[in-house]
Amino acid sequence: MFLADCQARLAFDLLANTWNAVVVWALRHGPSRPADLRASIGGISPKVLNETLRRLEFNGIVSRTAYAEAPPRVEYALTELGLSMLEPIEAFGVWAFEHAEEVMAAQDSFSVR
């Protein structure tokens, strides 16, 4: 049974947002500044990136480090908890790569009805 507050729902909610897994995957090689993240991801607006980073920080997936420099500099990095998400994200990516054509065919078939 998947209750509203069960652990499985928590995990599914973290991965359900389109950008959460993408940002986590983009941070897999180490800390990054928001502008560098946007460049590596592509297609994400500054507003959506900021919302995603805050959501991931709230959930303990990323950490934010602000440096007292002029101009100010901020970097985001995966926490240990965030690092533990890389394997399931990669597995889901492999599944998507292997089955994308089947999913698109099903969508096309449904649209014809």
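**Salt bridges and what surrounds them**

Glu75 is buried, and Arg73 is buried too; buried means under 20% relative accessible area, exposed over 50%, and partly exposed in between (1.4 Å probe, protein chains only). This is a predicted model, in which local features need pLDDT of at least 70, side-chain atom pairs count only at pLDDT 80 or more, and totals for chains, interfaces and linings use all residues. Residues are numbered from 1 along each chain as its sequence is written, and side-chain values use heavy atoms, with hydrogens and water left out.

- The structure holds three salt bridges, a salt bridge being a side-chain nitrogen of Lys or Arg within 4 Å of a carboxyl oxygen of Asp or Glu.
- One of them links the side chains of Glu75 and Arg73, at 3.1 Å from N to O.
- Glu69 also forms a salt bridge with Arg73, and their closest N and O atoms are 3.1 Å apart.
- Through these shared partners, salt bridges join Glu69, Arg73 and Glu75 into one network.
- Arg73 has a further contact to look at: this residue lies over the face of Tyr67, at 3.8 Å from the ring centre. A charge sits over a ring if NZ of Lys or CZ of Arg is within 6 Å of the ring centre and within 35 degrees of the ring normal.

**Where Glu69 sits**

- Glu69 lies in the loop between strand S1 (62-67) and strand S2 (73-78). Strands (E, at least two residues) and helices (H or I, at least four) are DSSP runs, numbered from the N terminus.
- Glu69 counts as partly exposed, at 38% relative accessibility.
- From C-alpha to C-alpha, Glu69 and Ala8 are 41 Å apart in space, and 61 residues apart in sequence.

- The side chains of Glu51 and Lys47 meet in a salt bridge of 3.0 Å, N to O.
- Both residues lie in helix H4 (residues 46-58), four residues apart, which is about one turn of the helix.
- Lys47 is exposed, with a relative accessible area of 58%, while Glu51 is partly exposed at 37%.

- Phe92 is exposed, with a relative accessible area of 57%, whereas Trp95 counts as partly exposed at 41%.

**The largest pocket**

- The volume of the largest pocket is about 180 Å³. On a 1 Å grid over the protein atoms alone, a pocket is an open set of points with protein on both sides within 12 Å along at least five of seven lines, and lining residues have an atom within 4 Å of a point.
- Its lining is made of Leu15, Ala16, Asn17, Thr18, Ala21, Ile89, Phe92 and Gly93.
- Helix H1 (7-16), helix H2 (18-26) and helix H6 (86-112) each supply at least two residues of this lining, and the largest share, three residues, comes from H6.

Conventions: On a 1 Å grid over the protein atoms alone, a cavity is a set of points where a 1.4 Å probe fits but cannot get out, and a pocket is an open set with protein on both sides within 12 Å along at least five of seven lines; lining residues have an atom within 4 Å of a point. Grid points are joined across faces, edges and corners, and a volume is the space filled by probe spheres set on the points.
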